[in-house]
Amino acid sequence: MLARPKMMILAIIVLLVGLPQTVFAHSHIESTVPTDGDTVEEVVETIELSFDGGIEQGATIQITTESGEEIEPADVQVNSPNIEVELAEPLASGVYTVAYQIISADTHPVEGDFTFTVEAEEVTEPEEDVTEEPEVVEEDDANNDETTEEESVGSEETETSTSDEQQTTEEGSALIWIIGGILIVVLIVAGVVMARRKK
């Protein structure tokens with residue numbers, strides 16, 4: 001009779017030991033892209049994390065540079081047991097640390113971090129050829145200035161010529177009046193003389 005309880009207890013112990021350990025274990029990081037400690041010589045636009053067990057939604061991912069500057073991810077997609085992190089722009093050359101906080105399928109929080117280095121060639125945009133256009137406007141302005149100066153000189157010459165003609169005309173008129181006055185005086189004197197002789 002005592003053998004049966006002992007056999008039942010032994011069977012329960014075997015069942016407990018034989019159950020898959022993943023039922024009771026937390027989810028742990030299995031692999032990352034880029035790999036922890038790896039040096040990447042290509043453009044990094046996404047970061048991937050894979051776990052050895054199921055994970056819940058609501059993962060927190062923090063990316064920091066060697067100087068401590070934080071880079072905000074553009075989007076974090078949780079597709080258990082994987083996480084894909086999209087970046088707003090490719091990472092520049094430098095050392096980066098990715099810290100993660102997730103909740104495993106057994107509701108236990110799990111956190112950790114990994115580091116990688118980027119040595120990608122920087123993409124430089126080709127310089128646009130800038131063609132210098134001739135400064136037509138300035139030449140036009142110079143031509144306009146010259147034309148204005150010529151017109152001004154011509155106007156001054158015209159005004160001077162007109163003034164000289166007016167002065168000459170006035171002098172001629174004055175001379176005519178003087179000569180006419182002299183003739184009148186001479187005629188008057190001659191008339192007086194002739195009148196006296198008749199007497």
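How many aromatic pairs does the structure hold? The structure holds three aromatic pairs, where rings of Phe, Tyr and Trp (its six-membered ring) pair if their centres lie within 6.5 Å, with planes under 30 degrees apart counted as stacked, over 60 as edge-to-face and the rest as tilted.

Before the tour, some conventions. This is a predicted model, in which local features need pLDDT of at least 70 and side-chain atom pairs count only at pLDDT 80 or more, while totals for chains, interfaces and linings use all residues. Residues are numbered from 1 along each chain as its sequence is written, and side-chain values use heavy atoms, with hydrogens and water left out.

**Stop 1: the aromatic pairs**

Select phenylalanine 51 and tyrosine 100. Their ring centres are 5.6 Å apart and their planes stand at 80°, so the pair is edge-to-face. Phenylalanine 51 belongs to strand 3 and tyrosine 100 to strand 8, so the pair ties together parts that are 49 residues apart in sequence. Strands here are DSSP runs of E with at least two residues, numbered from the N terminus. Phenylalanine 51 and tyrosine 100 are both buried, that is, under 20% relative accessible area; exposed means over 50% and partly exposed in between (1.4 Å probe, protein chains only).

Next, select tyrosine 96 and phenylalanine 116. This pair is stacked, with 5.9 Å from centre to centre and 25° between the planes. Tyrosine 96 is in strand 8 and phenylalanine 116 in strand 9 (residues 109-118), so the pair ties together parts that are 20 residues apart in sequence. Both residues are buried.

**Stop 2**

Strand 2 and strand 9 are parallel, with two bridges; valine 40 has valine 118 in strand 9 as its bridge partner. Strand 8 and strand 9 run antiparallel and are joined by 10 bridges. Among the bridge partners there are isoleucine 103 and, in strand 9, proline 109. Strand 4 (residues 60-65) and strand 8 (residues 94-103) are also antiparallel, with six bridges, and threonine 60 stands opposite glutamine 101 in strand 8.

Now move to the hairpin of strand 8 and strand 9, which has five residues between the strands. Threonine 107, in the loop between these strands, has a positive phi of about 70° although it is not a glycine. Most residues other than glycine have a negative phi, and most peptide bonds are trans. Threonine 107 is exposed, with a relative accessible area of 60%.

**Stop 3**

Strand 3 and strand 7 (residues 82-86) pair over five antiparallel bridges; threonine 46 stands opposite glutamate 86 in strand 7.

Select serine 50, in strand 3 (residues 46-51). Its side chain and that of asparagine 82 are joined by a polar contact of 3.0 Å; a polar contact is a pair of N or O atoms within 3.5 Å, of which, within protein, one must be able to donate a hydrogen and the other to accept it, and residues adjacent in sequence count only if both atoms are side-chain atoms. Not counting residues up to four places away in sequence, serine 50 touches His28, Ile29, Glu30, Ser31, Pro81 and Asn82, contact meaning heavy atoms within 4.5 Å.

**Stop 2: the cis prolines**

Where does proline 81 lie? Proline 81 is in the loop between strand 6 and strand 7, and the peptide bond from serine 80 to proline 81 is cis, with omega near 5°. A cis peptide bond also joins valine 33 and proline 34, with omega about 0°. Proline 34 sits in the loop between strand 1 and strand 2.

Definitions and conventions
Helix = DSSP H or I, 4+ residues; strand = E, 2+ residues; numbered from the N terminus. Pairing = 2+ DSSP bridges.
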